[in-house]
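Please keep the structure in view while reading.

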Amino acid sequence: MISPIKVWRNQKKYAQQIGKVGTIISWTIINISPEGFIDQSPYPIALIKLSDGTNTLAQIVDWEEKHLRKNQPVIATIRRTQEVAPDEVIAYGIKFKPLD
Amino acid sequence: MNITIAGCGQTKFGELWESSPRSLARQAVFTAIADSGVNKKSIQAIFVSNMLSEMLGMQSHLGALFAEELGISVPAYTIEGACASGGLAVHSAINSLLSQRYDTVLVLGVEKMTDHSSEYISSALMGAGSNEERLAGATFPGLYALLARAHMEKYGTTESQLASVSVKNHFHASLNPLAQFSHPLTLDQVMRSSYVATPLKLLDCSPISDGAAAIILQRSPTPKKNTVEIIASEIATDTLGLANRNSLTELQSTRKAAKNAFTSCGIAPSDIDIAEVHDCFSIAEILAIEDIAFDKKGEVAKKMEQGEYRLDTGQGLVVNSSGGLKGCGHPIGATGVKQIIEIYNQLHGQCKDRQVKNARLGLTHNVGGTGATAVIHILKKHD
């Protein structure tokens, strides 16, 4: 179970990340996913170098095959992260989408 | 360091549905006691290596549990360092001997994984990653796939070269009666297996396994003839997640631990005859051979494809004669202990069909996560 308190605590951090831009350093498509991500599979994840010089690792959404390449520009957006039970708080987090 | 291995014991690795963690531990430990000739009563402490028991078995407090199960009522500790738990437990046991608190200690590595679905195991294993990686839906095959892609882009490493690691390790495993997989693999079989996380395929990945391994270590001020001594034991750490690494084509923790180990015992990588390295994924073995400095960066994958590091076709160093994590299996907590056992048996000339001729110096390399922890041991036989 995802702790609602943890979700609440992390919201502050995510709010500061929305809209950040960066480029893909390395990527992979996850075909065998962990619990909580099975309905999203297959999905890409990528290591991303942000324009502020820091790195992050995140899922890529709204993608086409042409976007999965080194140096592809991406922008941070907020999305549901994983499946939760009906009585659990919905978990949101940062994912990145391609900037064409 | 004057630390010797008195005896070893290992269960078969694999899908052992009829065995419990308790029965696996008993089998490995009582085999080690018999092998050593040490009286059970002379064991002064137990170091238990395990990663997943709390999540998979709802069981913590493993030190006391196995002290009870084995009927050895002595101080007992649980050591966890993800997939490096085994190496870390051996390192901790050695430190306890070097401190002169104990003279004889038992290290037990045990893991029971195959009672659960692969999705649940994937989630449990991500406990070794960062929160950011878990939120992204990353898996360990996925994280090593990011390293593999970076290596392919920088050095031109190919999927076929990666596949040749699995072919080699299955060949070695086919000669090891305790290995999870007794069948060799062809390059074509590996290349035609489905992608788990591109560019890594199913047969690039080590399996989910059950198993236990145990060794008895002693402080021996004057090691006797024909004993195997651990002459170096080093650990290094790096960032928990991949995002903040300076390089994706090397594991700094491996480089540091290996460099410190070679310096501490005054030998060079070229002196090593045989190595058990952490091949959780095919790319991990390539990185290990490079980062330990057995060979130059960017040259190992080509040599692997040409048949180097193999028992039958290699010209020098033999890597993962046990079958490695890929062929022998990877019961997390037991792996680092099993690596020591393989080198111990090789140095004693007890490996029959997979014996490396004239092996005198061996090295083990155990990694936690994507290199957040690395442990190196160097073993030597006293002639």
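Of the 383 residues in chain B, 61% count as buried, a residue being buried if 20 or more other C-beta atoms, placed from the backbone, lie within 10 Å of its own, exposed if 12 or fewer do, and partly exposed in between. The model is predicted: local features need pLDDT of at least 70, side-chain atom pairs count only at pLDDT 80 or more, and totals for chains, interfaces and linings use all residues. Residues are numbered from 1 along each chain as its sequence is written, and chains are lettered from A and ligands numbered from 1 in the order in which they are written.

Chain B has 14 helices and 12 strands; helices (H or I, at least four residues) and strands (E, at least two) are DSSP runs, numbered from the N terminus. The C-alpha atoms of chain B fill a box of roughly 55 × 45 × 40 Å along the principal axes. Among contacts in chain B with a separation of 6 or more, 78% join residues 24 or more positions apart; two residues are in contact if their C-beta atoms, placed from the backbone, lie within 7 Å.

In chain A there are one helix and five strands, in the order α-β-β-β-β-β from the N terminus on. The C-alpha trace of chain A spans about 40 × 30 × 20 Å along its principal axes. Of the 100 residues of chain A, 30% count as buried. For chain A, residues 24 or more positions apart account for 53% of the contacts with a separation of 6 or more.

Where do the chains meet? In the interface, 29 residues of chain B are in contact with 26 residues of chain A. On the chain B side, helix H5 (118–125), helix H6 (131–135), helix H7 (140–155) and strand E5 (195–197) each supply at least two residues. The largest share of that side, seven residues, comes from H7(B).

Leaving aside neighbours within four places in sequence, Leu217(B) is in contact with Ile3(B), Ile5(B), Ala6(B), Ala93(B), Ile94(B), Leu97(B), Val105(B) and Val107(B).
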